[in-house]
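Here is a short briefing on one protein model. Please look through the sequence and the 3D view before reading the points below.

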Amino acid sequence: EVSMVGFEPPLVRPLPALLAPGDDEVCWLLPEEEYQVLWDVHMCSDSSKSLQARELMSKAFKGPLQQPQQQQLLSELEADPKLVYHCGLSPRRLPELVENNPTVATETLLRL
């Protein structure tokens, strides 16, 4: 059985002409600026303070904190304003915090 598969004539077309690069394109061909990588120096820093704050916050969700624990949590939240976002507070857990520790809940909400 004879078939014509693979015997098609090649398509002959001319190669496109090369265009000279414009003045605004040369900067991409030969970059003059040296780029540096910016490192986040806080990325792998010690997170023991945030760990203590998370432990105190989990205790605050379950029951009332003692006065020294409450003061420690509030001082850690005051020292690091972004700690509020990493302490485990969620909309679902907010009523538990308000019920057990209203002062901590107020200060936490003010820092959001």
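Helices (H or I, at least four residues) and strands (E, at least two) are DSSP runs, numbered from the N terminus. By that rule, Leu109 is found in helix α5. This is a predicted model, in which local features need pLDDT of at least 70 and side-chain atom pairs count only at pLDDT 80 or more, while totals for chains, interfaces and linings use all residues. Residues are numbered from 1 along each chain as its sequence is written, and side-chain values use heavy atoms, with hydrogens and water left out.

**Overall make-up**

- The protein chain has five helices and zero strands, giving the pattern α-α-α-α-α along the sequence.
- Buried residues (under 20% relative accessible area; exposed is over 50%, partly exposed in between; 1.4 Å probe, protein chains only) make up 20% of the 112 residues in the chain.
- The accessible surface of the chain (Shrake-Rupley method with a 1.4 Å probe; for residues, only the protein chains shown count as cover) comes to about 10000 Å², and 59% of this belongs to carbon and sulfur atoms.
- Among contacts (heavy atoms within 4.5 Å) with a separation of 6 or more, 63% are between residues 24 or more positions apart.

**Confidence**

- The mean pLDDT (the predictor's confidence in each residue, from 0 to 100) of the protein chain is 83, and 88% of its residues reach 70 or more.
- Where pLDDT is low, the predicted coordinates should not be read in detail.

**The buried face of helix α5**

- Helix α5 covers residues 102–111, and its buried residues are Val104, Ala105 and Thr108.
- Seen down the axis of α5, these buried residues fall within an arc of 100°, so they line one face of the helix; the arc is that of the directions from the helix axis to the C-beta atoms.
- Val104 counts as buried because its relative accessibility is 0%.
- Not counting residues up to four places away in sequence, Val104 touches Met57, Gln70, Leu73, Leu74 and Leu97.
- Val104 and Leu74 are 30 residues apart along the chain, yet their C-alpha atoms are separated by 6.9 Å.
- Gln70, found in helix α3 (residues 67–79), is buried with a relative accessible area of 11%.
- Leaving aside neighbours within four places in sequence, Gln70 is in contact with Leu65, Thr103 and Val104.

**Salt bridges**

- Side chains of opposite charge can pair when their charged atoms come close.
- The structure holds two salt bridges (a side-chain nitrogen of Lys or Arg within 4 Å of a carboxyl oxygen of Asp or Glu).
- One joins Glu107 to Arg111, with the closest N and O atoms 3.5 Å apart.
- Glu107 and Arg111 are four residues apart in helix α5, so about one helical turn separates them.
- Glu107 is partly exposed at 26% relative accessibility, and Arg111 is partly exposed at 28%.
- Another joins Glu96 to Arg93, with the closest N and O atoms 3.9 Å apart.
- Glu96 is partly exposed with a relative accessible area of 35%, and Arg93 is partly exposed at 24%.

**A nonpolar surface patch**

- Tyr85, Leu109 and Leu112 make a nonpolar surface patch of about 320 Å².
- Patches are made of residues with over 30% relative accessible area and no salt bridge, with like charges joined within 9 Å and nonpolar side chains (Val, Leu, Ile, Met, Phe, Trp, Tyr) within 5 Å.
- Leu109 counts as partly exposed, at 41% relative accessibility.
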